[in-house]
Every structure is written in structure tokens, then in C-alpha cells.
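Visitor: I would like to understand how this protein chain is put together. Could you show it to me and take my questions one at a time?

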Amino acid sequence: MASSSSSSSCYLLFFSLFLVSMAPLLVSADQFAVGGEKGWAKTTGNDSETYNEWASQNRFHVGDEALFKYQKDSVLVVNKEDYENCITSNPISKFADGNTVFAFDHFGFFYFISGQPGHCKSGQRLIIRVMVQSEVKPPQNTTTPPPKPAEEGGGDHDDDDSFRFGPPGSIFSGSKMVVASSCFMTAVVAAFVILCWFV
């Protein structure tokens, strides 16, 4: 068995490594550039994907940010009804700086539209669903039926089953990276504890 001073050193080392292993859980946030390279711009009808199709390819969590890059336009945060009817007169928040970073501070649905006349009706609008971190579930052995195509103008998106998302992001997306780094650090801490135990 180890001496008292080496045991104290091992416990201090263990505690330090434990704190370091928890750091990824505290600082894991991603910033998503809305619309990719195109940014936040009036849709032309020849676009490769809509803003909602872009959003469905990403996973948003509390703490993540949406980056809106635009020129001669604005971003309005609105409620569901104003989103569906493209009403710009009563926004929850309005941004017009051309480089807006919107931080998601709670889970749920966020509705964005352009403040320029006619842009929302042409398709420059976006719904982002921010998920609770604990919603990540292990894959099941059952097959899920494909989602039904969304009708023009949206639907009732308050029901979790009515608004499905596409496949999750890459292996290095925010929540997967947090899990992987946390597991790795836990293994490192365990190795040091075992090493200290026998020293």
C-alpha cells in the first residue's frame, strides 16, 4: 500500500483530472452559420435547399448559437402564428446589424423570418428546434417510418412527433464530441487512480 504523502498526491491528481474531464460538459456549444455559405438571403426558387431543410440537417442544443450573415435585410424572431403568416409588425426581437449571433437559451422552437417585405413569403424563414441534452437516446432495433413531407405553410410543430429531423451531424458534432471526450477523460482518470493505488 502507498504511503500517506503519496496517497494525498494521488487523491489530488485524481481530483484535478476529474475536474478536467468534466470541462467539455461545461463548454460544449456550437455555432451554426444559417444557410451555410449562402447566408441569410431572399430565396430565389432555384435554391438547393430551404432554410428548414438546412435546419433539419443539424442538431441544436441549449447554449448553441445561430449566426445570421446578411446585407440590406434583417432577422426577426417571431411567434409561431407570425411565422406562419409572415407578419413582421410584432417581432419578439429584431436584428439588423448584418452579422447577428443568436444564442439559444432554452429548449423549444424558435421562429425566424426576414423583416424585408416579400422575403418571408418567398421562403426566407426558419424554424429551429432546440433540444434538451437528455433527449439523446440510444438507437433502437425497430425501424422508424419515414417522416411525412411537410405541407406548404407548416403545420402544428408544437408536437414533437410532427416535426422530425433528418440524420444527425457528423461524428464530431457537439453532443457526440462531448460524450466521446468525457468517456476518454473518465478512462484516463481511472487509469491514474489504478496507477496511484499500486504505487
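Visitor: How many bridges join β2 to β8, and do they run parallel or antiparallel?

Guide: In this predicted model, 2 bridges join β2 to β8, and the two strands run parallel. Within this pairing, H61 has M131 of β8 as its bridge partner.

Visitor: Which sheet do they belong to, and what is the order of its strands?

Guide: They belong to an open sheet of 5 strands, ordered β2-β8-β7-β4-β5, and its pairing is mixed. The edge strands are β2, made of residues 60-61, and β5, because each pairs on one side only.

Visitor: What holds paired strands together in general?

Guide: Strands of a sheet pair through backbone hydrogen bonds, and they may do so in a parallel or an antiparallel manner.

Visitor: Which strands are joined to β7?

Guide: Strand β4, residues 75-78, is joined to β7 by 4 bridges, and the two run antiparallel. Strand β8, residues 125-131, is joined to β7 by 6 bridges, also in an antiparallel arrangement. As examples, L76 stands opposite I113 in β7, and F109 has R129 of β8 as its bridge partner.

Visitor: Is β7 mostly covered or mostly open, and how many of its residues are buried?

Guide: Strand β7, residues 108-114, is mostly covered, with 7 of its 7 residues buried.

Visitor: And β4, what is it joined to on the β5 side?

Guide: There, 3 bridges join β4 to β5, and these strands run antiparallel. In β5, K94 is the bridge partner of L76.

Visitor: Which residues of β4 are on each side, and are they buried or exposed?

Guide: V75 and V77 lie on one side and L76 and V78 on the other, and all of them are buried, which leaves both faces of β4 covered. In general, the side chains of a regular strand alternate between the two faces of the sheet.

Visitor: What is F104 in contact with, apart from its neighbours in sequence?

Guide: Leaving aside neighbours within four places in sequence, F104 is in contact with several residues, including F60, V62, A66, F110, F112, I128 and V130.

Visitor: Now to L67. Where is it, and is it buried or exposed?

Guide: L67 is in strand β3. Its relative accessible area is 12%, so L67 counts as buried. Beyond four places in sequence, the contacts of L67 include F32, A33, V34, T100 and V101. L67 and V34 are 33 residues apart in sequence, yet 5.8 Å apart in space from C-alpha to C-alpha.

Visitor: You mentioned V101. Where is V101 found, and what is its relative accessibility?

Guide: V101 is found in strand β6, residues 99-103. Its relative accessibility is 42%, so V101 counts as partly exposed. Outside four places in sequence, V101 is in contact with Q31, E65, A66 and L67.

Visitor: A change of topic: which residues have a positive phi although they are not glycine?

Guide: K72 is one of them, with a positive phi of about 50 degrees. C86 is another, with phi near 55 degrees. K72 is in the loop between β3 (65-69) and β4, while C86 is in the loop between α3 (80-85) and β5 (93-95).

Visitor: Are those two buried or exposed?

Guide: K72 has 81% relative accessibility, so K72 counts as exposed. C86 has a relative accessible area of 15%, so C86 is buried.

Visitor: Finally, which residues form the nonpolar patch on the surface?

Guide: I194, W197 and F198 form that patch, and together they have about 400 Å² of accessible area. W197 is in helix α4, residues 174-198. Since its relative accessibility is 48%, W197 counts as partly exposed.

Methods
Residues are numbered from 1 along each chain as its sequence is written. This is a predicted model: local features need pLDDT of at least 70, side-chain atom pairs count only at pLDDT 80 or more; totals for chains, interfaces and linings use all residues. Side-chain values use heavy atoms; hydrogens and water are left out. Buried means under 20% relative accessible area, exposed over 50%, partly exposed in between (1.4 Å probe, protein chains only). Contact means heavy atoms within 4.5 Å. Patches are made of residues with over 30% relative accessible area and no salt bridge: like charges are joined within 9 Å, nonpolar side chains (Val, Leu, Ile, Met, Phe, Trp, Tyr) within 5 Å. Accessible areas come from the Shrake-Rupley method with a 1.4 Å probe; for residues, only the protein chains shown count as cover. A salt bridge is a side-chain nitrogen of Lys or Arg within 4 Å of a carboxyl oxygen of Asp or Glu.
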